[in-house]
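Please read the following account alongside the sequence and the three-dimensional view.

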Amino acid sequence: MDNFVAIDVETANNEPTSICAIGAVKVECGVIVDRFYSLVKPEPNWYIRYFSESIHGISRCDTDCAATFDRVWEEMCRQFGFDVDNLDDVAFVAHNKQFDERCLRAAHRTYGMTWCDSPFYCTLSAARRKIPKQLVGSYSLPYVCDFMGIPFYNHHNALADAEACAKIAMTLL
């Protein structure tokens with residue numbers, strides 16, 4: 001795969017719609033050509049769970065003045081040169097796509113947006129298929145990056161996670 005968008009979301013609580021940060025990395029011809037990061041005002045915005053905040057460091061005061069998901073998604077698409085209403089030709093990749101895709105679909109529904117029929121690939125599944133567990137220890141992002149020699153810092157920062165995912169995808173997918 002040479003052309004795709006690696007994407008990662010962080011959530012405020014257990015609701016899949018509660019995206020509080022999004023990071024994305026655009027890859028063309030096997031090269032990272034653009035990066036996008038934004039805080040997002042979560043929906044519903046009742047609270048950011050202490051457990052979630054302790055993982056990603058995002059608090060309610062960080063997101064209270066942030067744009068809502070629909071505006072952030074439009075901004076990302078515009079920056080990457082995509083038509084927000086037609087992303088069917090854009091391939092997405094995430095590390096544990098089940099989580100990220102579920103959150104993105106839920107946020108699209110909440111804001112009355114149509115989710116595209118884009119292909120969505122998973123570097124977590126690819127790592128499980130291609131790397132023996134005894135060699136990697138765990139298939140979480142830091143362990144896979146370490147095994148593959150990919151420098152990785154700031155785990156659970158949505159942009160750092162998306163970039164690490166992109167680098168894994170360029171090798172495993």
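What follows looks at one strand and its partners, and then at a pair of helices. This is a predicted model, in which local features need pLDDT of at least 70 and side-chain atom pairs count only at pLDDT 80 or more, while totals for chains, interfaces and linings use all residues. Residues are numbered from 1 along each chain as its sequence is written, and side-chain values use heavy atoms, with hydrogens and water left out.

Strand β1 covers residues 4-11, and because eight of its eight residues are buried, β1 is largely enclosed by the rest of the structure; buried here means under 20% relative accessible area, with a 1.4 Å probe and protein chains only. Strands are DSSP runs of E with at least two residues, and helices are runs of H or I with at least four, numbered from the N terminus. Both faces of β1 are covered, with F4, A6, D8 and E10 buried on one side and V5, I7, V9 and T11 buried on the other.

Two strands pair if DSSP finds at least two bridges between them. β1 runs antiparallel to strand β2 (residues 19-28), to which eight bridges join it, and T11 stands opposite I19 of β2. With strand β4 (residues 92-94), β1 pairs in the parallel sense over two bridges, and V5 has F92 as its bridge partner there.

Among the helices, α5 (residues 123-130) meets α8 (residues 158-172) through T123, A126, A127 and K130 on the α5 side and C165, I168, A169 and L172 on the α8 side, where contact means heavy atoms within 4.5 Å.

Terms used: Buried < 20%, exposed > 50% of the residue type's maximum accessible area, 1.4 Å probe, protein only.
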